[in-house]
Amino acid sequence: MKGRTRKAVIIFLLFAVVLVAVFIGKKIIDISAANTNVMTSETVVSHQLEKSLLERTTLDTVRLSNKNKEKLSENNRILSKREFIGAFLGVRNNKLVYSWRNGYSNTSPNTSFNVNSSVLVGKYQTVLDQALLLSLVNRGDVKLTDELSKYDVSSGAVGRLTVKQLLRNESHLYVRKQSIATIQNPRNKEYSNTLFKKGKGGMTDWVTADTFIKRIVIARATSKSYESTFEQELTNKFGLSNTRFFNARQTYTSDVASYDKKIVNNTRVQSKKLVIKKRSLNGNTLRMSLADIVLSLNGIEKNRLFDSKYTQYFEDYIEQSGVGSLNENVFTYNGNVAGQALAIKSNLDTQSTVVLITNYSDSDVSLTKHLSQLYRIL
């Protein structure tokens, strides 16, 4: 009798253990499925945008209502009449809504602008630097309270400045333009105490040093070069396919060339190509395609680099640095370098984005004016 009771108890306990295991297993599966769905949802959105941008590389897309089609046609007619040389695209709800181009991205050989045309982005690179440094703060590789001396930025003028102050543009430090190459040389491990100076604002041969100090911190924190970290943490993470740093010895068919003003028979022609020298880029050597510019903004807006608690640092940089403007979460950028101009207008909430570029130094077109018009049509 006792044997039967003991056997019944053992069977009951085994049954209970099985039930508990099944219950816990189901919970684990449910949690895993939930996490998978979240990740998949973000990935799908990203892939939708990427597919929309790259499914047709030619810049002749129009997906607008009849009323806005007419507005776009009128805008394009004016650009054609003024012989505008360049391209633009507009994205809304993760879809390419419209695009247009005129002239060549490079005449050797004749290459038309397309979504993969890689333009020099100038100071937009510094916007991405801010996001990249915030990503290192977000994951704990860099702390806001860290003093810059921790990252071997030991110039006397730096004093006890912190990463937090650097992110807030509070260093008020400047560097000579001719010293930029020294700062960004990954083999250079030491910096002169006279490299960074205060009170040099407004002097033509000095530029603000914040961006270059950020690049030093990024390199030191990751034990890699700034360029390698940029590629790994931003280019690869966002799936950017035509983003790279300027190299005078290596060019790609998608690289946009620059042209100086030349008029033949009252017509603008692209025959006077400019030689782009690295020193003329003032340290901002990044090239990005039209598609990659949109994808980078989308990735930042989706908090794929840093949590929303750091968003204010990103937005404050745009406002305080003078690189762009931010009005009701609409980011506007307009800059030019080495004969190439880039204009961006993007709603960081809805990801409605317009990117406009030109590689002709006298296009007789106000990029700011047409950027606003294109954004309203979007």
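Which residue lies over the face of Y252, and at what distance from the ring centre?

## Charges over rings

R244 lies over the face of Y252, at 4.1 Å from the ring centre, where a charge counts as sitting over a ring if NZ of Lys or CZ of Arg is within 6 Å of the ring centre and within 35 degrees of the ring normal. K345 lies over the face of Y375, at 5.6 Å from the ring centre.

The model is predicted, with local features needing pLDDT of at least 70 and side-chain atom pairs counting only at pLDDT 80 or more, while totals for chains, interfaces and linings use all residues. Residues are numbered from 1 along each chain as its sequence is written, and side-chain values use heavy atoms, leaving out hydrogens and water.

## Aromatic pairs

Nine aromatic pairs are found in a search of the whole structure; rings of Phe, Tyr and Trp (its six-membered ring) pair if their centres lie within 6.5 Å, and planes under 30 degrees apart count as stacked, over 60 as edge-to-face and the rest as tilted. The ring centres of F88 and Y98 are 5.8 Å apart and their planes stand at 80°, so this pair is edge-to-face. It links distant parts of the chain, with F88 in strand β1 (residues 86–92) and Y98 in strand β2 (residues 95–102), ten residues apart; strands (E, at least two residues) and helices (H or I, at least four) are DSSP runs numbered from the N terminus.

F88 also forms a stacked pair with W100, at 5.8 Å centre to centre and 25° between the planes. Both F88 and W100 are buried, buried meaning under 20% relative accessible area with a 1.4 Å probe and protein chains only. Ring pairs link F84, F88, Y98 and W100 into a cluster.

## One side of helix α10

In helix α10 (residues 367–377) the buried residues are L367, H370, L371, L374, Y375 and I377. They cover an arc of only 155° around the axis, which puts them on the same side of α10, the arc being that of the directions from the helix axis to the C-beta atoms. These buried residues pack against α2 (66–81), β1, β2, β14 (330–337), β15 (340–347) and β16 (353–358), contact meaning heavy atoms within 4.5 Å.

## Nonpolar cores

A nonpolar core is a set of buried Ala, Val, Leu, Ile, Met, Phe, Trp, Tyr and Cys residues joined through side-chain atoms within 4.5 Å. Of the 78 residues in the largest such core, L89, Y124 and F196 touch the most other members, and the largest share of this core, nine residues, comes from helix α3 (residues 124–138). A second, separate core of 20 residues includes L72, L79, F88 and W100.

Note on methods: Buried < 20%, exposed > 50% of the residue type's maximum accessible area, 1.4 Å probe, protein only.
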